[in-house]
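Me: I am new to this structure and would like to learn how to read its features. Please take me through a few of them.

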Amino acid sequence: MESSILESIGVEIIGVMSPVSICMFLVVLLVYSLSTSSSSVDATIRTAANLVYAENPSDTAAEKLEGALLNALVFVILIALVTFLLVLLYYYNCTAFLRHYMRFSAFFVLASMGGSIFLSLIQRFSIPLDSITCFLLLFNFTVVGVLSVFAGGIPILLRQGYMVCLGIIVAAWFTKLPEWTTWVLLVALAVYDLVAVLAPGGPLKLLVDLASTRNEELPALVYEARPTVALTGRRGGGASTLGLLVTGVSESEPRPESSSIELQTVSRDNVDRNEIENENEGHFHGNSVVSQSSRNDEEEISPLVGNRSSSTQFGRREVEIVDEEMSPLVEMIGMGNEGQMMMGRDGVEIASRGIKLGLGDFVFYSVLVGRAAMYDLMTVYACYLAIISGLGCTLILLSVCRQALPALPVSITLGVLFYFLTRLLMEPFIVGTATNLMMF
């Protein structure tokens, strides 16, 4: 009996939702720890998100709405311009510049913005720490963070932890924006994400398609949620993209002993493609591996998916190819141009893909619940459940539609809707019934 979609992609959903939940929870803790009602106005910062209008409590609702709309419009235009610039640089193979830019961005966030939050926590809780020790701790935290995010051979758990830290730091700073600007900005970003991913000329769509064509990693900060890969006889799966959710390389479980040469999964950045191409006679053809050595005319090309174990010749060595069992969501979507089988000196290396969640999704999900935390915990619970439900719906839609989908619109729409429904309707009802001893 076949399992349902919800049962099949449960591991995928948990693997993505767990870091998102941790990020939102820690942002809420930071908001409660560092913000007070008396300093909420003083804590407002001036960023690219509120260049045009500085919200004043004495302004009318119409003035606040108009100013928030202008701020959101300017911010979205700036993001679109920067994204198109990244696409242009990536199109002309300026990948070295993009990598250095990403490293600088991570260093700036961890050192300056993270350092500011670190000092605020020290002052808030009166932690006895001298300036030299504080500097050494911050320096080590920043350097290890940049190396963990961008260097190869780093444990995936450490990399995931620092990606969550980056999301927490940026989200904590965005919670200092004025209230009206924050809500309008979240809605505007959800609309922009929808257009940027689904529109034919959308910048994110162009970037994802270009990266897929080149079979390279996206030049962006993304969280890699690696699902477990079991090399079994089941039919293999494939890769896809989900707006800022893109695919990555998965790790493997214990390998079967039936293969002639050990099968393993490796990260693409650890594979020297030039060396591989020079040392092997086989070449890639779509999702199939074509061997240039002698073989029977009746023997078909061994595809990466869809076949049981088969053997083919690579030079003088016989390699038994065992189909891989990828994560359920990846398996449902099917292999695209991103799936590969790569031949190396030590045997066959199967590169399978998992799900990656863009850092922007972490940030704006957390900004929403962080802003809700400035009101009360009831709205925090409602917004959290709405965001997680929206993310789960997006993953299910991805397995059904089998095309790139934006990650922000559903979750942000539900989160904003539940925030105002809880604040305007549910909270007055519950408080009224509780104060009149009608509900305990």
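Me: Which helices each supply at least two residues of the lining of the largest pocket?

Reply: Note that this is a predicted model. To read a lining, list the elements its residues belong to. Here H3, helix H4 (95–125), helix H6 (156–174), helix H7 (179–198), H8 and helix H11 (359–373) each give at least two residues to the lining of the largest pocket. The largest share, eight residues, comes from H4.

Me: What volume does the largest pocket have, and which residues are the closest to its centre?

Reply: Its volume is about 1400 Å³. The lining has 43 residues, and Phe75, Ile79, Tyr101, Gly360 and Phe364 are the closest to the centre.

Me: How do the residues of that lining divide into nonpolar, polar and charged?

Reply: The lining of the largest pocket has 36 nonpolar residues, six polar and one charged.

Me: At what angle do H3 and H8 pack?

Reply: For a helix pair, read the angle and the distance between the axes together. Helix H3 (residues 61–91) packs against helix H8 (residues 203–214) at about 20°, and their axes are 9 Å apart. Angles under 35 degrees count as roughly parallel, so H3 and H8 are roughly parallel to each other. The crossing in which H3 passes H8 is left-handed.

Me: Which residues in H3 and H8 meet?

Reply: From H3 come Thr83, Phe84, Val87, Tyr90 and Tyr91, which meet Pro203, Leu204, Leu206, Leu207, Leu210, Ala211 and Arg214 in H8. By class, the residues of this contact of H3 with H8 are ten nonpolar, one polar and one charged.

Conventions. Residues numbered from 1 in each chain as written. Predicted model: local features only at pLDDT ≥ 70, side-chain atom pairs only at ≥ 80, totals over all residues. Heavy atoms only, no water. Axes fitted to C-alpha atoms, helices over the stretch in contact; angles between N-to-C directions. Helix = DSSP H or I, 4+ residues; strand = E, 2+ residues; numbered from the N terminus. Parallel < 35°, antiparallel > 145°, perpendicular 65-115°, else oblique. Left-handed = near helix turned anticlockwise from the far one by under 90°. Contact = heavy atoms within 4.5 Å. Nonpolar A, V, L, I, M, F, W, Y, C, P; charged D, E, K, R; others polar. 1 Å grid on protein atoms, 1.4 Å probe; cavity = no way out; pocket = protein on both sides within 12 Å on 5 of 7 lines; lining within 4 Å. Points joined across faces, edges and corners; volume = space filled by probe spheres on them.
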